[in-house]
Amino acid sequence: MFIGLAALTAVACGGANGRRAEKIERAASVAVQPQEVAGTYVGTIPAADCPGIAVSLTLAEDGAYESRSEYLERDFSLREYGRYTIEDERLTLYPDEGEAGASYRIEAGRLRMLDREGRPIEGALADNYVLTRKTDR
């Protein structure tokens with residue numbers, strides 16, 4: 001709605017106000033780029049059968065990723081490689097083996113895990129489904 005209002009203002013006012021509204025509209029539609037999210041993100045997410053899963057997700061500027069998951073108090077870990085995409089502040093992992101994997105909402109300095117329908121996880125443990133940026137690139 002805001003973008004529509006900015007465009008309407010640009011047409012109605014013209015001149016300097018119109019150019020300002022055009023800049024606002026362009027700024028609102030700028031997409032997140034891989035260079036902006038590149039880095040390593042870490043966190044411990046809840047698990048049903050152990051105290052949690054320590055996750056480390058490294059995103060490269062070229063769209064590649066590596067994910068490491070270590071199940072706490074279990075002798076089990078996973079390592080996954082693949083590519084990621086960014087669309088509308090949503091990052092989706094595509095493992096080399098298999099179909100689309102986890103997806104995250106991109107926030108300032110962190111990634112919030114989304115459910116299978118692409119919505120933020122809700123409930124008492126919702127804040128535990130966040131990976132925090134540890135390093136840049």
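Strand β1 (residues 39–45) has five of its seven residues buried, so the rest of the structure largely encloses this strand; buried here means under 20% relative accessible area, exposed means over 50%, and partly exposed lies in between (1.4 Å probe, protein chains only). Please keep in mind that this is a predicted model, in which local features need pLDDT of at least 70 and side-chain atom pairs count only at pLDDT 80 or more, while totals for chains, interfaces and linings use all residues. Residues are numbered from 1 along each chain as its sequence is written, and side-chain values use heavy atoms, with hydrogens and water left out.

**Overall layout**

- The protein has three helices and eight strands; helices (H or I, at least four residues) and strands (E, at least two) are DSSP runs, numbered from the N terminus.
- Along the sequence, the order of these elements is α-α-α-β-β-β-β-β-β-β-β.
- Of the 137 residues in the protein, 30% are buried.
- Among contacts between residues at least 6 apart in sequence, 31% join residues at least 24 apart, where a contact means heavy atoms within 4.5 Å.

- The average pLDDT of the protein is 82, and 76% of the residues score at least 70; pLDDT is the predictor's confidence in each residue, from 0 to 100.
- Confidence is highest in β2, at a mean of 98, and lowest in helix α1 (residues 2–13), at 38.
- Over residues 1–29 the pLDDT stays under 50, and the model has eight contacts beyond four places in sequence for this stretch.

- Seven bridges pair β1 with β2 in the antiparallel sense; two strands pair if DSSP finds at least two bridges between them.
- Thr 40 has Thr 58 in β2 as its bridge partner.
- β2 is largely enclosed by the rest of the structure, because five of its seven residues are buried.
- On to the next strand: β2 and β3 are also antiparallel, paired over seven bridges.
- These two strands form a hairpin with four residues between them, and Gly 63 in the turn has a positive phi of about 95°.
- Val 55 is opposite Ser 69 in β3.
- Ser 69 is buried, at a relative accessible area of 15%.
- Leaving aside residues up to four places away in sequence, Ser 69 touches Ile 53, Ala 54, Val 55, Phe 76, Ser 77 and Leu 78.

- Four of the five residues of β6 are buried, so β6 is largely enclosed by the rest of the structure.
- β6 and β7 (residues 110–113) are antiparallel too, with four bridges, and Arg 105 stands opposite Arg 112 in β7.
- The β6–β7 pair makes a hairpin with two residues between the strands, where Gly 109 in the turn has a positive phi of about 70°.

**The largest pocket**

- The largest pocket holds about 670 Å³ of space.
- A pocket is an open set of points on a 1 Å grid over the protein atoms alone, where a 1.4 Å probe fits, with protein on both sides within 12 Å along at least five of seven lines; lining residues have an atom within 4 Å of a point.
- Grid points are joined across faces, edges and corners, and the volume is the space filled by probe spheres set on the points.
- The lining has 25 residues, of which Gly 101, Ala 102, Ser 103, Tyr 104 and Met 113 are closest to the centre of the pocket.
- Elements giving two or more residues to this lining are β2 (53–59), β3 (64–71), β4 (76–87), β5 (90–95) and β6 (103–107).
- β5 gives the largest share, four residues.
- By type, the lining has 15 nonpolar, five polar and five charged residues; Ala, Val, Leu, Ile, Met, Phe, Trp, Tyr, Cys and Pro count as nonpolar, Asp, Glu, Lys and Arg as charged, and the others, Gly among them, as polar.

**Two loop residues to look at**

- Ala 102 sits in the loop between β5 and β6 and is partly exposed, at 31% relative accessibility.
- Ala 102 lies ten residues from Thr 92 in sequence and 6.1 Å from it in space, C-alpha to C-alpha.
- Beyond four places in sequence, Ala 102 touches Leu 91, Thr 92 and Leu 93.
- Ile 121 belongs to the loop between β7 and β8 (130–136) and is partly exposed, at 21% relative accessibility.
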